[in-house]
Amino acid sequence: MTRVRPPAVAGTFYPGDAVELADTVDRLLAAAADDQAAAPAGLRPPVAIVAPHAGYVYSGPVAASAYAALGRWRDEVH
């Protein structure tokens, strides 16, 4: 039996509506990916990333930047 805990802070730290949440995450990642386009080529994949996890209004762009930086290695097999 799989149990799923109800979201404790939906609508407070991030949008409570699933569609709005997905749109917010997509928008944050797209903006961060645009910034990553200027990153130098030839970098090695990181071993780890540190990303904040406060409310999206506070840390969303920074967290998205951390995850967007991984995009260039998403489809690689190591």
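Helices (H or I, at least four residues) and strands (E, at least two) are DSSP runs, numbered from the N terminus. Welcome to these exercises on a predicted model, in which local features need pLDDT of at least 70 and side-chain atom pairs count only at pLDDT 80 or more, while totals for chains, interfaces and linings use all residues. Residues are numbered from 1 along each chain as its sequence is written, and side-chain values use heavy atoms, with hydrogens and water left out.

**Exercise 1. Do the comparison for α2.**

Step 1: At 1.5 Å a residue, a straight helix of 13 residues would span 18 Å.
Step 2: Between its end C-alpha atoms, α2 spans only 15 Å.

**Exercise 2. Find the buried side of α1 and what it packs against.**

Step 1: Recall the cut-offs: buried means under 20% relative accessible area, exposed over 50%, and partly exposed in between (1.4 Å probe, protein chains only).
Step 2: In α1, the buried residues are T24, L28 and A32. They lie on the same side of α1, because they cover an arc of only 55 degrees around the axis (the arc is that of the directions from the helix axis to the C-beta atoms).
Step 3: Turned away from that buried side is a face with the exposed residues A18, V19, R27 and D34.
Step 4: The buried residues of α1 pack against α2 (56–68), where contact means heavy atoms within 4.5 Å.
Step 5: Now look from the other helix: the buried residues of α2 are S59, G60, A63, A64, A66 and A68, and they pack against α1.

**Exercise 3. Say what happens at the N-terminal end of α1.**

Step 1: D17 caps this end, with a side-chain oxygen 3.2 Å from the backbone nitrogen of V19.
Step 2: V19 is in helix α1 and counts as exposed, at 57% relative accessibility.
Step 3: V19 and P40 are 21 residues apart in sequence, and their C-alpha atoms are 34 Å apart in space.

**Exercise 4. Explore the largest pocket and its lining.**

Step 1: On a 1 Å grid over the protein atoms alone, a pocket is an open set of points with protein on both sides within 12 Å along at least five of seven lines, and lining residues have an atom within 4 Å of a point.
Step 2: The largest pocket holds about 250 Å³ of space.
Step 3: It is lined by 15 residues, and the closest to its centre are P52, Y56, G60, A63 and Y67.
Step 4: The elements that give two or more residues to this lining are α1 and α2.
Step 5: α2 gives the most, with six residues.

How values were computed: A polar contact is a pair of N or O atoms within 3.5 Å; within protein, one must be able to donate a hydrogen and the other to accept it, and residues adjacent in sequence count only if both atoms are side-chain atoms. On a 1 Å grid over the protein atoms alone, a cavity is a set of points where a 1.4 Å probe fits but cannot get out, and a pocket is an open set with protein on both sides within 12 Å along at least five of seven lines; lining residues have an atom within 4 Å of a point. Grid points are joined across faces, edges and corners, and a volume is the space filled by probe spheres set on the points. The expected span of a helix is 1.5 Å times one less than its number of residues.
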